Amino acid sequence: MTEWGPDRALYAISVAAELTGVDPQMLRLYESRGLLNPQRTEGGTRRYSDRDIERVNRITTLLSAGLNLAGAEQVLALEDETERLRDQISRLRGRNRKEAQRRTSGG
């Protein structure tokens, strides 16, 4: 069965450029700076996912707000780290709940 989630790489660079209003050369620059990591076909063609498109839109928003590319890079890194930490906290809370239930049920 085919996965159709937000990480599925569907869009060629020309389509990603059209969807975001960002020139393909800028998309390549974002990738070279580590801001984007589009998937590649076996032939090496970039394919962008919905999540990549959202990220390009976030970069565009940050640049429009007056940040330079280095500033946008830092903001994105902090946002990514925040999301990672939230996920970790959520997992730890779930683990703690399970341990507390096990202790109270006599397990």
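**Figure 1. Helix α1 against the sheet.** In this predicted model, helix α1 lies across β1 and β3 and runs at about 75 degrees to β1. Helix α3 also packs on the sheet, where it touches β1 and β3, and its direction makes about 80 degrees with that of β3.

**Figure 2. The open sheet and its strand order.** The sheet is open and consists of 3 strands in the order β1-β3-β2, with antiparallel pairing. The edges are taken by β1 and β2 (39-40); each has a single partner strand, so one side of each is left without a neighbour in the sheet. Between β1 and β3, which run antiparallel, there are 2 bridges. Tyr11 stands opposite Tyr48 of β3. The pairing of β2 with β3 is likewise antiparallel and has 2 bridges. Gln39 has Arg47 in β3 as its bridge partner.

**Figure 3. The hairpin of β2 and β3.** This hairpin has 5 residues between the strands. Gly44 takes a positive phi there, near 95 degrees.

**Figure 4. The largest nonpolar core.** This core contains 16 residues. Those with the most contacts inside it are Leu27, Tyr30, Leu35, Leu36, Tyr48 and Val56. Two or more residues come from each of α1 (13-20), α2 (24-32), α3 (50-64) and α4 (69-104). The helix that gives the most is α3, with 4 residues.

**Figure 5. Surroundings of Tyr48.** Neighbours within four places in sequence are left aside in this view. Tyr48 is then in contact with Arg8, Ala9, Leu10, Tyr11, Ala12, Ile13 and Ala16, and also with Leu27, Leu36, Pro38 and Ile53. One of these, Tyr11, is the residue that stands opposite Tyr48 in β3. Leu27 and Leu36 are, like Tyr48, among the residues with the most contacts inside the largest nonpolar core.

**Figure 6. Helix α3: length, buried residues and end.** The 15 residues of α3 should span 21 Å at 1.5 Å a residue, and the end C-alpha atoms are 21 Å apart, which agrees. The buried residues of α3 are Asp52, Ile53, Val56, Ile59 and Leu62. They pack against β1 (9-11), α1, α2, β3 (46-49) and α4. Gly66 follows the helix and has a positive phi, near 110 degrees.

**Figure 7. Thr20 in helix α1.** Thr20 belongs to helix α1. Its relative accessibility is 12%, under the 20% limit, so Thr20 counts as buried. A polar atom of the Thr20 side chain lies 3.3 Å from the backbone nitrogen of Val22. Not counting residues up to four places away in sequence, Thr20 touches Ile53, Val56 and Asn57.

**Figure 8. Asn68 between α3 and α4.** Asn68 is placed in the loop between α3 and α4. With a relative accessibility of 52%, over the 50% limit, Asn68 counts as exposed. The Asn68 side chain reaches two backbone nitrogens: that of Ala70 at 3.2 Å, and that of Gly71 at 2.7 Å.

Key. Residues numbered from 1 in each chain as written. Predicted model: local features only at pLDDT ≥ 70, side-chain atom pairs only at ≥ 80, totals over all residues. Heavy atoms only, no water. Core = buried A, V, L, I, M, F, W, Y, C linked by side-chain atoms within 4.5 Å. Buried < 20%, exposed > 50% of the residue type's maximum accessible area, 1.4 Å probe, protein only. Contact = heavy atoms within 4.5 Å. Expected span 1.5 Å × (residues − 1). Pairing = 2+ DSSP bridges. Axes fitted to C-alpha atoms, helices over the stretch in contact; angles between N-to-C directions. Polar contact = N/O pair within 3.5 Å; in protein donor to acceptor, adjacent residues only side chain to side chain.
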